[in-house]
Structures are given as C-alpha cells and as structure tokens.
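My entries are below the display.

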Amino acid sequence: MQITAVEPRRKGLSALYIDGEEAMKLDTEVLLSHRFDVGREITDEELHDCVQASDKKRCKDKAMWLISFRDHSRHELLTKLRRDYREDTCEAAVGRLEELGLIDDGRYARRYAADLVNLKHLSERGVREKLREKGIDRDLIDEVVDDLVIDEKDQIRLVIERKYARAILDEKDQRRAANALARMGFRYADIKSVLREYTEIEDDYE
C-alpha cells in the first residue's frame with residue numbers, strides 16, 4: 001500500500017489517502033510521528049498501529065476536553081467516550097486520568113453531594129439516587145452520605161421558600177408542591193408537617 005496524499009481536515013485530523021483513495025481520517029500529530037509521508041509504502045500492520053495510536057490520542061484528548069468544563073465521575077466519563085471509541089481505548093484513557101489525579105470518584109462524589117444538599121436542597125434519599133445515576137459505588141455513596149448533615153424538614157422549607165411559598169394557598173397547589181418534594185426523595189410525613197406551617201389545610205397527600 002502506498003500513501004498517495006495526506007490532506008488536513010478540521011479538528012486536528014488529516015485525511016489519509018492510500019493508492020489514490022481516501023482511506024480514513026487520523027490524528028495529524030500521530031500521522032507525523034509515524035512518518036506517514038506521501039509516497040511511502042506501508043504495511044497493514046503499520047497502518048493498524050497508526051490507527052490504534054490515533055484513537056488512543058483522540059480519546060484521551062476528548063476526555064481532557066470533557067473534564068475541562070466540569071468534573072466527571074469515572075462512569076460518566078466512560079459513558080461519553082464509549083460513543084466514539086472502543087472499550088479498551090476508553091478504559092486506558094480514563095485509567096491514565098485517574099493516575100494523574102484528574103478524575104477521582106471520591107472527590108467527585110463529595111463535591112457533587114454537597115452541591116445537591118446546599119444548592120438543590122435534596123433529601124438524603126434524593127442525594128443517594130443522584131449519586132447512583134452517576135455510577136458511584138454503593139459503599140462510597142454510604143460513606144459520603146454518612147458524612148453529610150441533612151435536616152430533611154429544613155431542606156423542605158428551603159425548597160418551599162424558593163419555589164412554592166406564593167403558590168400553596170389551595171389544595172391543588174399543595175398537592176403539586178407535595179408531589180414535587182416527594183420526587184426529590186422527601187417523606188410524605190415530613191412534607192405534610194412542613195406544609196402545615198404555611199397553610200391550615202391538612203389534607204393527606206399520599
């Protein structure tokens with residue numbers, strides 16, 4: 001096989017032409033490092049090695065780009081990378097970022113849980129569910145949640161003050177607020193108790 005052309009493309013890629021036809025797009029830096037120059041004869045093995053190296057670099061670059069915007073859990077990052085790259089390539093990229101300390105599920109889970117409590121005002125059950133959605137290990141979830149101090153009724157009050165204080169004047173509005181709070185993981189007994197502080201209506205929201 002002979003390389004007949006190498007043409008630059010967007011996003012750091014170059015089109016590799018073999019025997020007069022476009023074969024594939026590969027990372028430009030990898031092509032240069034493999035000395036895939038026009039006119040060179042290459043073997044299937046050399047092409048395979050270059051493709052593998054290109055995928056590894058692109059996968060790692062994408063992982064770095066993703067975590068540059070916000071922190072990710074290991075599971076979350078792998079899920080996004082798998083859309084474009086092979087499993088072993090994704091595992092290698094994420095493993096390398098873990099070695100460098102750029103992703104850490106323990107650090108991520110604690111920061112995310114604190115935000116869920118302090119900014120979103122979720123219940124303990126709600127925090128657990130969100131952490132599970134991010135692929136956090138069950139034992140780590142237990143450890144993180146055990147370190148949190150969550151007053152469920154205070155959390156309910158904060159949510160009501162922020163979203164529903166002016167809209168719980170009748171039974172319909174109360175049911176809407178109660179259902180929303182239940183979806184956040186709060187117990188109906190706590191919801192009903194706090195709602196009584198804002199209204200005289202004492203309906204059963206179950």
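The entries go from the whole chain to single residues.

Ground rules. I am working with a predicted model, in which local features need pLDDT of at least 70 and side-chain atom pairs count only at pLDDT 80 or more, while totals for chains, interfaces and linings use all residues. I number residues from 1 along each chain as its sequence is written, and side-chain values use heavy atoms, with hydrogens and water left out.

Layout. I looked up the secondary structure and found ten helices and three strands in the protein chain. Helices here are DSSP runs of H or I with at least four residues, strands are runs of E with at least two, and both are numbered from the N terminus. Read from the N terminus, the order is β-β-β-α-α-α-α-α-α-α-α-α-α.

Spread. I noted a radius of gyration of 26 Å for the protein chain, well over the 17 Å that the globule rule gives for 206 residues, so the chain is more spread out than a compact globule. The radius is taken over C-alpha atoms, and the rule is 2.2 Å times the number of residues to the power 0.38. The C-alpha trace spans about 85 × 35 × 25 Å along its principal axes.

Burial. Of the 206 residues, 39% are buried. I use buried for under 20% relative accessible area, exposed for over 50% and partly exposed for in between, with a 1.4 Å probe and protein chains only.

Aromatic pairs. How many aromatic pairs does the structure hold? I found two. Rings of Phe, Tyr and Trp (its six-membered ring) pair if their centres lie within 6.5 Å; planes under 30 degrees apart are stacked, over 60 edge-to-face, and the rest tilted. Trp65 and Phe69 make an edge-to-face pair, at 4.9 Å centre to centre with 75° between the planes. They sit four residues apart in helix α2 (residues 44-69), so about one helical turn separates them. Phe69 is exposed, at 60% relative accessible area. Tyr108 and Tyr112 are stacked, at 5.6 Å centre to centre and 25° between the planes. They too are four residues apart, in helix α5 (residues 105-118), and therefore about one helical turn apart. Tyr108 is buried, at 5% relative accessibility.

Cysteines. I searched the whole structure for disulfides (cysteine sulfur atoms within 2.5 Å) and found zero. For Cys50, the nearest cysteine sulfur belongs to Cys59, 16 Å away. Cys50 is buried at 0% relative accessible area. For Cys90, the nearest cysteine sulfur is that of Cys59, at 4.2 Å, and Cys90 is in no disulfide. Cys90 is also buried, at 0%.
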